[in-house]
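Here's a quick walk through this one, from the overall layout down to a single side of a helix. Have the viewer open as you read.

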Amino acid sequence: MNFIYRLQESYNRFMCGRYGSDTLNHFLSFVYLFLVFLGFIFRILVFITKSVVLYKIRYALYIISLIIFAVTVFRSLSKNLTRRARENEAFMRLWGNWQPYLHKQAKNAEPKVRMFVRKMQDRDHIYKKCPDCKAVLRLAKKKGKHKTRCPACGKLFEVRVLFGEK
Ligand SMILES: [Zn+2]
């Protein structure tokens, strides 16, 4: 018998009669990993800023991620199968109710994300909002103060460009 097979066997024996994984546990694992990732970012921020508030947030994230990890492990090792299954059903119902809302949010965010990517790629222009009609204008990226006229409403306004060609 090879090692992997023996490991698989003993794992199966250990998990026999235990709940194992479900959608809720997958979701919790995802949240856990996300919090670990956030914690990592906060760690860097705390290191840079030496901020006590950020340190506290980081600490809170750490505690929450530990709790979520403990709950996930507890659920997968639990022998109370009916109760765990009921929790999962409740979660799926909640998830089902939330999905249209999440879809709507994603749809609303899509143009903003696309605009952001466009701005990042377009190095020769800057994007400024007209102070009057809020139309977004695409202007040549030339360093200094310029006067420009909004093509949408005709308002003359001043634009200051900090970085760019002279
Ligand atoms: Zn305008």
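## Domains

A quick word on terms: the domain bounds used here come from an automatic or database domain assignment. Keep in mind, too, that this is a predicted model.

With that in hand, the protein chain splits into domain 1, covering 15-121, and domain 2, covering 122-166. Between the C-alpha centres of domain 1 and domain 2 there's a distance of 40 Å.

## The start of the chain

Helix α1 takes in residues 3-15. Its 13 residues reach 18 Å from first C-alpha to last, close to the 18 Å expected at 1.5 Å a residue. There's hardly any cover on α1: the count of buried residues in it is zero.

Just after α1 comes G17, which takes a positive phi of about 80 degrees.

## The α2 and α3 pair

How do helix α2 (residues 23-49) and helix α3 (residues 52-77) cross? Their axes come within 9 Å and cross at roughly 160 degrees. Angles over 145 degrees count as roughly antiparallel, so that's what α2 is relative to α3. The crossing of α2 past α3 is left-handed. As for what makes up the contact of α2 with α3, its residues divide into 18 nonpolar, seven polar and three charged.

## A look at I41

I41 sits in helix α2. Is I41 buried or exposed? I41 has 11 other C-beta atoms within 10 Å, and the cut-off for exposed is 12 or fewer, so I41 is exposed. The C-alpha atoms of I41 and R58 are separated by 8.9 Å, with the two residues 17 residues apart along the chain.

Technical notes
Residues numbered from 1 in each chain as written. Predicted model: local features only at pLDDT ≥ 70, side-chain atom pairs only at ≥ 80, totals over all residues. Axes fitted to C-alpha atoms, helices over the stretch in contact; angles between N-to-C directions. Helix = DSSP H or I, 4+ residues; strand = E, 2+ residues; numbered from the N terminus. Parallel < 35°, antiparallel > 145°, perpendicular 65-115°, else oblique. Left-handed = near helix turned anticlockwise from the far one by under 90°. Nonpolar A, V, L, I, M, F, W, Y, C, P; charged D, E, K, R; others polar. Expected span 1.5 Å × (residues − 1). Buried ≥ 20, exposed ≤ 12 C-beta atoms within 10 Å, placed from the backbone.
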